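User: I would like to learn how to read salt bridges, cavities and aromatic pairs in a protein model. Please take them in turn.

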Amino acid sequence: MAGNRGGDAGEGEWLKVAELRAMVEAQDPHAKEVDNLTLRRFLRARDHNVEKASAMLLKALRWRREAVPGGSVPEEKVQSDLDDDKVYMGGTDRSGRPILLAFPAKHFSAKRDMAQFKSYCVYLLDSICARIPRGQEKFVCIVDLKGWGYSNCDIRAYIAAIEIMQSYYPERLGKALMIHVPYMFMKAWKMIYPFIDNVTRDKFVFVDDKSLQEVLHQEIDDSQIPDTLGGKLAPVSLKNNARINLD
């Protein structure tokens, strides 16, 4: 895995990747298991500052050992969140990036257990990242806020999910299309926004209802647009993720 390359990196960037590898392996032997593409994502997340990327990666390695001691989150550990059908796996966008479809209106703050929710976030991020094909490194998320209300508002959970994604899965999110956004959600967004780093902020795109179909067809072929949004593809619930053909 250490020899993996790809994307549009230049020689100078790969030299920095090698420098980053030497730095992190000197401090954590487990870093030898990290492939070069992952190292590059951490490097890019810290604007190619090797020392900052090293600190970020070492923290992520420690977190992974503590949060996912077995290497993956067991399905039974997050079964109640899976049963709520809050997340579906969709098709791919025009660039070949897999699509994650999220329904925040199916998440209720009153029944949320934070430790379990964090494990659920790891489970879904691992699941969507496993679908990213060779030659791609990112996924796309469609966040459908239709029906979202005060009972669904869970600022702590939203911040926790974003922090897990941007701290431990850097450069994985390609774009998040926020659709069917109710006015009251923007009040919650103002509280969430300060916790999102500058790079990740630019990936959240709020789409008004009038432009929705135009934006969807710009980003996604009709055959890959979820049928819930007027397309032809039936998304698969995350709880049925194991049935997805990844080939």
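Analyst: What follows goes through salt bridges, cavities and aromatic pairs. This is a predicted model, in which local features need pLDDT of at least 70 and side-chain atom pairs count only at pLDDT 80 or more, while totals for chains, interfaces and linings use all residues. Residues are numbered from 1 along each chain as its sequence is written, and side-chain values use heavy atoms, with hydrogens and water left out.

User: What is a salt bridge, and how many salt bridges does the rule count?

Analyst: A salt bridge is a side-chain nitrogen of Lys or Arg within 4 Å of a carboxyl oxygen of Asp or Glu. The count here is 16 salt bridges. In one of them, R41 meets E137 with the closest N and O atoms 2.8 Å apart. R41 lies in helix α2 (residues 36-45) and E137 in the loop between α5 (114-130) and β3 (139-144), so the pair ties together parts 96 residues apart in sequence. Helices (H or I, at least four residues) and strands (E, at least two) are DSSP runs, numbered from the N terminus. R40, R41 and E137 are linked in a network of salt bridges.

User: Are R41 and E137 buried or exposed?

Analyst: Buried means under 20% relative accessible area, exposed over 50%, and partly exposed in between (1.4 Å probe, protein chains only). R41 is buried, at 8%, and E137 is buried, at 15%.

User: Which parts does the salt bridge of R64 and D126 tie together?

Analyst: The closest N and O atoms of R64 and D126 are 2.8 Å apart. R64 lies in helix α3 (residues 50-67) and D126 in helix α5, so this pair ties together parts 62 residues apart in sequence. R64 is partly exposed, at 24% relative accessibility, and D126 is partly exposed, at 22%.

User: How is a cavity found, and what is the volume of the largest cavity?

Analyst: Rolling a probe the size of a water molecule over the atoms shows where empty space is left. On a 1 Å grid over the protein atoms alone, a cavity is a set of points where a 1.4 Å probe fits but cannot get out; lining residues have an atom within 4 Å of a point. Grid points are joined across faces, edges and corners, and a volume is the space filled by probe spheres set on the points. The structure holds two cavities of 30 Å³ or more. The largest cavity has a volume of about 610 Å³. Its lining has 28 residues, and A102, C141, V143, Y158 and A161 are the closest to its centre.

User: Which classes of residue line the two cavities?

Analyst: Ala, Val, Leu, Ile, Met, Phe, Trp, Tyr, Cys and Pro count as nonpolar, Asp, Glu, Lys and Arg as charged, and the others, Gly among them, as polar. The lining of the largest cavity has 26 nonpolar, one polar and one charged residues. The lining of the second largest cavity has seven nonpolar, two polar and five charged. The volume of the second largest cavity is about 120 Å³.

User: Where does the second largest cavity lie?

Analyst: Domain 1 (11-67) and domain 2 (75-243) both give residues to its lining, so the second largest cavity lies between them. Domain bounds come from an automatic or database domain assignment.

User: How many aromatic pairs are there?

Analyst: Rings of Phe, Tyr and Trp (its six-membered ring) pair if their centres lie within 6.5 Å; planes under 30 degrees apart count as stacked, over 60 as edge-to-face and the rest as tilted. The search finds nine aromatic pairs. W148 and F185 form an edge-to-face pair, 5.1 Å centre to centre with 90° between the planes. Both W148 and F185 are buried.

Terms used:
1 Å grid on protein atoms, 1.4 Å probe; cavity = no way out; pocket = protein on both sides within 12 Å on 5 of 7 lines; lining within 4 Å.
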